[in-house]
Amino acid sequence: MFKNHLNIAWRTIKKDKLFTFIKIGGFAVGIAACLLIALFIRNEVSYDEHYANKDQIYRVVFQGEVQGEVMKSTHFQLPFADALQSDFPEITKAGKVNTIEIFGAGKRGMRVNGQKENTFEENFVLADQETFDILEIQLQEGNPQTALSRPSSIVMSRSKADKYFPNGDALQQTIFLDNDTSKPYTVTGIMEDVPENSHLDFDFLLPIEDTNQNWTNQNYFTYVLVNPNTDIPALEQKMSLIVEKYIIPAQIKRGRSADFIDVLRTAEYKLQPVTDIYLKSDLKMQDGLKHGDIKFVWLFAAIAIFVLLLAVINFINLSTAKSANRAKEVGLRKTIGAFRNNLVGQFLTESVIFSIISFVLGVVLAWALLPTFNQIAAKNMELPLSAWWFLPILFAAGVLVGILAGLYPAFYLSAFRPVNVLKGTLSVGSKSGRLRSGLVIFQFTTSVILIIGTLIIYRQMDFIVSKELGYDKERVVVLEGTNILGNKMEAFKEQLAELSQVKSVTATNYLPIDGGSRNGNTFMVDGQDDGGRGVPAQKWRVDYDYINTLGIQLKAGRGFSKEFAYDSINSIVINSKMASELGLKDPIGKKLDNNSQIFTIIGVIEDFHFKSLKEDISSLSLVIGKDVGAVSVKLEKGNPAEALASVEQVWNRTIPNQALNYTFLEEEFTQMHADVQRMGSIFNSFALFAILVACLGLFALSAFMVEQRRKEISIRRVLGAPFKNIYQLLTLDFLKLVVISIGIAIPIGWYLMNRWLEGFAYHINIGWEIFSLAALIALGVAIVTISYQSIGAALLKPTKGLRTE
Amino acid sequence: MLLELNNIFKWVTTGGQRIFLLKDINLQVEQGEFISVMGPSGSGKSTLLNVIGMLDTFDEGEYNFMDESVYSLKEKHRANLYKQYIGFVFQSYHLLDDLTVQENLEMPLIYKKVKGSERKAMVADMLDRFNIVGKKDLFPAQLSGGQQQLVGVARALIANPKLILADEPTGNLNSKQGEEIMELFKQLNEEGVTIIQVTHSEKNAEYGSRIINLLDGRMV
Ligand SMILES: Nc1ncnc2c1ncn2[C@@H]1O[C@H](COP(=O)(O)OP(=O)(O)OP(=O)(O)O)[C@@H](O)[C@H]1O
Ligand SMILES: [Mg+2]
C-alpha cells in the first residue's frame, strides 16, 4: 500500500511539473527563510551564554532621578568594586573594567620590542584581576592568578599572540604602546580568543593603574559574581547603602549643597544579568558596547512565523486547488473499493513526501544563502548540520508540517461521494471557494503589510542618512591613533593646516560618532540655587578649530579664540538645548557652575546630532581642553585622494614607524546607524522572501483557477467571446480579492509601522504616497501573475479545452 | 435471489417541489441474470443503476441485497457491501489516468488487501484472459477507446464480483468494439456473473435475458 502511495506521489510530481515546482519550491523558500531567521535569533540570544556561572554574573547599573528624568549609567567610581566586595557577603567578587580611550583603552599603536613598525590595534580594554575570574577569561599561558595584578602587564588573545609572535614565545616579551618607550609592557598571559558572541570584545587586556581612590569620578564598568541563590532584589536594595556610606561623605567634602545630596539619595543600584547586557540594555545608557535589540528579535520571529504560515497556506491551497482534478480519482477509487482511510493515507503520504523534499531543498537553499546573509547581518553564523539534534528535528518538523498541511486536503478530498463525482455534478469550486478566497486574502494582506513595512523602513533609512545634522560631515577625515603624536601634536596640526588641500584641523576625540569620547557632567547657573539639581550635559574638551572644522553653526556670541587668553580656562560654548534646559533666555555672559568650577558662556551653537538619530539631541557644552585621541581634518573641495596623500606625507614625517589610520566622518556616521541599517536590510530581505512566497502562491492559484475554467473558456470561445471579454472574466475575480486585501492591510501596516517609528526621535511621517505605492506594487504583481495565466487561457484553441473532457 | 427492489422512490426537492427521479420501482434479480435497462434520455436509468450499486441513496421503499436490507445499513457497511460484491463499468471508462493498465487492474485488489504474490497472479490471469498482456505497461491515454473499456471491464471483474453494473458501456465505442464488449458480457454471464447494463441500442439489449423499460422514472 505504502509503495503504491509513493508511486502515485511520484507520478503526480512528474505530471504537473509547474505546480509541483511552485508547491515544493515555494515551501522550500519559506523554510529557508525560517531557518535563516532562526539562526539569526539563536545567535542574538546566545550572547554571553558561555559563562559557566552565567546565572551569578551581573553588571551593576546606576539609576537616579534628575529633574524628573530617570538617568541610567553603567560607569562607577574606582573604589566602588572593592566596597561591594568587602561590604556585601553575597558578592563573592567584584571587578572593574575600563573601556574609555583617555585611560588607554580602545585604539593603540603597538610595537614589539626590537621591531620598527607600529601596528594599529583597536581592541584594548583595561581590567583588574577580579574581572579575570568573574568573566572566566581562560589563560592558555601565564599565571591566571597574577596576570593583571602588576602594572605594565599585558594579556593578549591567542590569535594576536600568534600574529605578533609566530614562534610561540610571546610570554614575557616586551611591548611598547603608542611609541612610549619609557613604559615597556610585559606579556603576562595568552588567553583564548573572546567568543564572538560576547558583549565585551577585546584582544588585549591591560591592568588598571589608576590609583586615585576618589568617590566622584565614574569611569569603570563594575561586574559582580554573587553567591548561588542570592536574592537579587534584596541585594540591590542593600547596595544603596553605598551611597550613604561613601558617596555622600565624599560629595559633602567637596562642598555640595544639601539639595544635591538629597538628589543623590534617590539613587538606586540594579544588577543586570550578564546574559541581558547584549540584548536588553537600555541604549540610553551609552555604554559604548555593541548591542542587539530584543524588539528586532521579536519582529524577526514574527516574520519567520508569517513566512512559514504563508508557505504552509500555499501548500494547502495548492493541494486543495488540485482537488477538482483529483475528485474524479477519488470517486473512482471509491467505486473500485478504496476505503476512506486508504485515501486519507494516500494524500497524507503525498503531503509528507512533498514536505520532506521541501525541507531538504530549504536546508540546501539556506546553506547557499548563508554567506550573503552573514554579510548583511555582520555575523559569522553556521548551520548546525553536525549537531545531533539538527537533522532529526528538521525531519520531524518536515513530517509534522507535511501531516498538518495534508490533513485538510486529505479529509476534504476523501469525503467526495463517488456518485457526485462520476455524475459530474460536483462543483469543487463553490464550497471550497470561499475558504480559498479567504486564504488568498490572508496571503495578500500579509504581503501588502510587508511591502508597506519595507517601503517605510527604506524611507526611514534614507531619511536618517540624508538628515540635516547640524554639522557638516562631508570631506572630514578622522585620523585615528593620534595618541602616539604626544608632544608633536601642535606641530603636526600646524603642518596639516598649511597644506593647500586642507581647510582646517582639530584635535579631539569628542566627535559626533560612535567611539567618540563622552563626558557627562552636571551644570548649574551660578548663584541661582535651584535646589542644586542642575542640568546634566555633555562637556566636551575641544580645541580652537573644532567649531569651524565640523561646520557647526553659531547661533549667538562667538566661538573660542586664541585672542582671549581666558578662553582656554573658563569659557564655555553651549548648545541651544542646554540654554533652554538651563532656562537662559540670553545666555551670553552668564556664568555656569560645573563641579564648583565656574565657566562663562561665550557662545551658543545650533543643536547638532551627536548621538544616533534614535535619540533626541541633549544638552552639550564645549570647553577648551586637551584630548588627543583623534585629529579631524576638513579638506578643501577637490581630489580627496591627493589631499589624503599630502596628509599621509605629513604623518609619515612626524611618525615614521606607524602607518596612518583614518576614516571619513561620513562613513563613521553611517556606521553609527549601521545597526538600524543592518536590521533594515535584514528585514527587507526577509520581507522580500515572504513576498516571493506569496507571489508564487498567487501564481499557482491563478493557474489553477484558469485551469478549472478551461472548459468554460473554450465554450465561450466557440460561442465567439472576444479575447478582452475572457481576460476580464478571469482577471476581475482575482483583483477583487487583492483590493480587499489592500483595504485590510493598510490600517494594520500603518499601526505597526507607527509603533516602529516611535523608536526614533527623528522619523518620517507615514503619508498616503507610501500606501498608494504599496497598493500599486501589490496590484502590479497580481495583474502580472494573473495576466500571464489569463492571456494564455484566452488565446487557447477552443478545441483543446473541450477534447480532454 | 441476488437483489430485490420493492416500491423504491427517489426524489429531489427544488423550490419546495418534489421531482421524482424514480417512482415505485419493483425489481427482482436472480443470480445469473443478464438484464438490459432501456429508456429515453433522462428517464432515470443511470439513477436506478446508482441506487442498485449503492453509490446513491433512495428515499422510500425497500432494497435487499443478498438478504441484507440496504436502507438500514450504515454508510460504511453499505460501502463494504458494494465493494465486495459489485463491479462497475462506465461509459467513459473512468480508468485512473496516472496508473498503467496493470496498476489499474491491481488497484481493487490492493484495497481488498490481497497479498502481493496472489495479486500478481490474478492480474496476469486477467491480462491473459482479455488478451492485453502486451499493453500492461501502457497508460490509459495510450489506448484506444475499445481497449480502455476492455480494461474497465477487466478491472470490474478482477475482484470476483457477483454483480456487474454497466452504464452504457458501449456508448463511446464504434459498433465493432461495442459488439466485442457485448460478446464478452455474454460469455461472463454464461460463466455465472450477474449483469445489469444500461443501453440505448436495441441490438445490445438483445444480449440480455430480460429488458426493463423506464419512462420518467417508472418501469413500464
Ligand atoms: N441531483 C439531481 N437533481 C435534480 N435532478 C436530477 C438529479 N440527478 C438526476 N436528475 C434528473 O433525473 C433524471 C434522470 O437522470 P438520469 O441520469 O438517471 O437519466 P438517464 O436515463 O441515465 O439519461 P441518459 O440516457 O441521458 O443517460 C434527469 O431528468 C435528471 O435531470
Ligand atoms: Mg445515464
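**Cavities and chain B**

The lining residues of the largest cavity split into 8 nonpolar, 4 polar and 3 charged. Here Ala, Val, Leu, Ile, Met, Phe, Trp, Tyr, Cys and Pro count as nonpolar, Asp, Glu, Lys and Arg as charged, and the others, Gly among them, as polar. This is a predicted model: local features need pLDDT of at least 70, side-chain atom pairs count only at pLDDT 80 or more, and totals for chains, interfaces and linings use all residues. Residues are numbered from 1 along each chain as its sequence is written, chains are lettered from A and ligands numbered from 1 in the order in which they are written, and side-chain values use heavy atoms, with hydrogens and water left out.

**Largest cavity**

- The whole structure holds 4 cavities of 30 Å³ or more.
- A cavity is a set of points, on a 1 Å grid over the protein atoms alone, where a 1.4 Å probe fits but cannot get out; lining residues have an atom within 4 Å of a point.
- Grid points are joined across faces, edges and corners, and a volume is the space filled by probe spheres set on the points.
- The largest cavity contains about 140 Å³ of space.
- Its lining has 15 residues, and A:I336, B:K83, B:I86, B:P108 and B:A159 lie nearest the centre.
- In chain B, α2 (75-85), β6 (86-89) and α5 (145-158) each give at least two residues to this lining.
- Helices (H or I, at least four residues) and strands (E, at least two) are DSSP runs, numbered from the N terminus.

**Second largest cavity**

- Its volume is about 50 Å³.
- The lining consists of A:F444, A:S447, A:I451, A:I691, A:A694, A:C695, A:L698, A:A778 and A:V781.
- At least two lining residues come from each of α15 (428-465), α22 (674-708) and α25 (768-794) of chain A.
- The top contributor is α22(A), with 4 residues.
- By class, this lining has 8 nonpolar residues, 1 polar and no charged.

**Chain B overall**

- Chain B has 7 helices and 10 strands.
- Along the principal axes, the C-alpha atoms of chain B fill a box of roughly 55 × 40 × 35 Å.
- Of the 220 residues in chain B, 54% are buried.
- Buried means under 20% relative accessible area, exposed over 50%, partly exposed in between (1.4 Å probe, protein chains only).
- Among contacts in chain B with a separation of 6 or more, 72% join residues 24 or more positions apart.
- Contact means heavy atoms within 4.5 Å.

**Loop residues in chain B**

- Most residues other than glycine have a negative phi.
- B:E168 has a positive phi, near 45 degrees. B:E168 sits in the loop between β7 (163-167) and α6 (175-190). B:E168 is buried because its relative accessibility is 18%.
- B:D216 also has a positive phi, near 50 degrees. The loop between β9 (210-215) and β10 (218-219) holds B:D216. B:D216 counts as exposed, at 54% relative accessibility.
- B:K112 lies between α3 (101-111) and α4 (116-129), in a loop. B:K112 is partly exposed, at 38% relative accessible area.
- Leaving out residues up to four places away in sequence, B:K112 touches B:K83, B:Q84 and B:A159.

Terms used
1 Å grid on protein atoms, 1.4 Å probe; cavity = no way out; pocket = protein on both sides within 12 Å on 5 of 7 lines; lining within 4 Å.
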